[in-house]
Amino acid sequence: MHTIIICLAACSLGHAADIRVAVERQSARKPAPDFMLRDASGKSVSLSSFKGKPLLLDLWATKCGGCIKEIPSFIEIHHAYANRGLAVVGISMDILYEDLKGPAEAWSLVNPFVEAHKVDYPILMGDDGITNRYSVNALPVTYLIDRRGRIAATYVGIVDRANIEANIKTLLAER
């Protein structure tokens, strides 16, 4: 049984307020659930492979309006902060969002989208395990994960660009 993922009301409303959150204090942060997912070439990538770097983890779908709205900002953030140590990774939730048969069908939607939108950070294909481990029940959802692999901030809805950049700078400054 596939879990149904809904796009938040903010996805279809251009005037809805973007989400602002505070970074959790380090002592309150919980470990981000590990995963092993595949990229478009079939290579397996785990969350733990990003340990030592702050990570912006974006769970999205090709037909989620809010997801599409924030991807250009994530591309710009990737370009602005990659040389300072930030990793940006997208996890496509299209299999569940579109109730597709599997990864091959999902990549047939995701690859043209990535090319058309010039997404140049890694994209992985999500699955039921991600939905369950990260308790995903709406898209978009974005996590900021610190160098030690702990969730520092969670955005459910469209991120406020200034807020997420301030939080990224906080994570980059942590040692």
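Modeller: A disulfide is a pair of cysteine sulfur atoms within 2.5 Å. With that criterion, a search of the whole structure finds one disulfide. The structure is a predicted model, in which local features need pLDDT of at least 70, side-chain atom pairs count only at pLDDT 80 or more, and totals for chains, interfaces and linings use all residues. Residues are numbered from 1 along each chain as its sequence is written, and side-chain values use heavy atoms, with hydrogens and water left out.

The disulfide links Cys64 with Cys67, at an S to S distance of 2.5 Å. The torsion about the S-S bond of Cys64 and Cys67 is about 75°, so this disulfide is right-handed. Both Cys64 and Cys67 are buried; buried means under 20% relative accessible area, exposed over 50%, and partly exposed in between, computed with a 1.4 Å probe on protein chains only.

Phe113 is also to be considered. Phe113 belongs to helix α4, residues 103-116. Helices (H or I, at least four residues) and strands (E, at least two) are DSSP runs, numbered from the N terminus. With a relative accessible area of 8%, Phe113 is buried. Contact means heavy atoms within 4.5 Å; leaving aside residues up to four places away in sequence, Phe113 touches Trp60, Thr62, Ile68 and Ile71.

Asp39 sits in the loop between β3 (36-38) and β4 (44-46). Asp39 is buried yet has no salt bridge, and the nearest side chain of opposite charge, Lys43, is 5.3 Å away. Here Lys and Arg count as positive and Asp and Glu as negative, while His and the chain ends are not counted. A salt bridge is a side-chain nitrogen of Lys or Arg within 4 Å of a carboxyl oxygen of Asp or Glu. The backbone nitrogen of Lys43, however, lies 2.9 Å from a polar atom of the Asp39 side chain. Not counting residues up to four places away in sequence, Asp39 touches Trp107, Ile123 and Leu124.

Finally, the backbone deserves attention. Asp99, in the loop between α3 (94-97) and α4, has a positive phi of about 50° although it is not a glycine. Asp99 counts as exposed, at 53% relative accessibility. Lys118, in the loop between α4 and β7 (123-125), has a positive phi of about 55°, and it is not a glycine either. Lys118 is exposed, with a relative accessible area of 64%.

Definitions and conventions
A polar contact is a pair of N or O atoms within 3.5 Å; within protein, one must be able to donate a hydrogen and the other to accept it, and residues adjacent in sequence count only if both atoms are side-chain atoms.
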